[in-house]
Amino acid sequence: MSIPATMRALRQTSLNGPQDLCLIIDAPVPVPGPGEVLVRVAAAGVNFGDISQARGTFLGGPHPPYLAGFEAAGEIVAVGEAVTGLEPGARVIGVGIGGGAFAEYMLLPAAAAVPVPAGWAAEAALGLVVNWPTALAALKPLGGIAAGQTVLIHAAAGDPPGRGQAGHRPGRRLRRAGRRSPGH
Amino acid sequence: VPGGEAPVTNWELVYEHQVHVIGLNIGVLIQAAPQIFGEVMAELFALIAAGVLTPVRPAVYELADGPKALAELEARATVGKLALRP
């Protein structure tokens, strides 16, 4: 499949929140530079950070207008110079700090492109590089949780999307009595 | 931040609430402590291999419905992971 010159994408035009997130149909498809891969996005992950960026509260966040979204899973369709170990056709998931995940194509740093686990649909891997590591980092290296302790997970049903749920599963793995609060 | 602002002073932490508060943003952690992130990712893949972490079933929205998805997320009206399909 050839790569088109333009694509559909969601562009944030203000810092007034998602109400100013607009679909455009003529965004230029980016070209991978050195160390980058171009991914045909199968599914983009929505994160609370997207809200923070749209409200202008994300540290070092983008300035409008910008192409929104930073987490995507899909198939590599082109690789830039100095990329080794990744070929077109590979299914990957990753976070691109340059944004533009809410689009048909997105650039990822090759170092940030993690293989989608074998047998998993691309969308099923969403969270692998955002929500899951956040939950696990909070529980173990930062939280120092040990067996027998109790974990209270705020907003475990919802947002940051999936993160509460993500925290709950490793929590069970660690044989802890996880308690989920009703809201934020 | 997702839960809102919660100002707390060092005086309060010393005298009134002797608690340990840790902030965490995964992007900042990757930059500040890449070795910890590497260990976390290694453990994640071990948990996947062991069948503990299983495929996610996100709620999927069409790309054009992205603004709606984000608005619902901001309004705390959603459960679990959300995805946009371009």
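Modeller: What follows covers a helix, its partner in the other chain, and a nonpolar core. This is a predicted model, in which local features need pLDDT of at least 70, side-chain atom pairs count only at pLDDT 80 or more, and totals for chains, interfaces and linings use all residues. Residues are numbered from 1 along each chain as its sequence is written, chains are lettered from A and ligands numbered from 1 in the order written, and side-chain values use heavy atoms, without hydrogens and water.

Biologist: Is α1(A) mostly covered or open?

Modeller: Mostly covered: seven of its eight residues are buried, that is, under 20% relative accessible area with a 1.4 Å probe, protein chains only. Helices here are DSSP runs (H or I, at least four residues) and strands are E runs of at least two.

Biologist: What covers the buried residues of α1(A)?

Modeller: The cover includes β1, β3 and β4 of chain A, together with α4 of chain B.

Biologist: At what angle do the axes of α1(A) and α4(B) cross?

Modeller: They cross at roughly 100 degrees and come within 10 Å. The axes are lines fitted to C-alpha atoms over the stretch in contact, with angles from 0 to 180 degrees between N-to-C directions. The two helices are therefore roughly perpendicular, a term for 65 to 115 degrees.

Biologist: Which residues meet there?

Modeller: A:Phe48, A:Asp50, A:Ile51 and A:Arg55 meet B:Leu70, B:Leu73 and B:Glu74, with contact meaning heavy atoms within 4.5 Å.

Biologist: Changing topic, which element gives the largest share of the largest nonpolar core?

Modeller: The core has 30 residues, and β3(A) gives the largest share, five residues. Such a core is a set of buried Ala, Val, Leu, Ile, Met, Phe, Trp, Tyr and Cys residues joined through side-chain atoms within 4.5 Å.

Technical notes
Angles under 35 degrees count as roughly parallel, over 145 as roughly antiparallel, 65 to 115 as roughly perpendicular and the rest as oblique. Buried means under 20% relative accessible area, exposed over 50%, partly exposed in between (1.4 Å probe, protein chains only).
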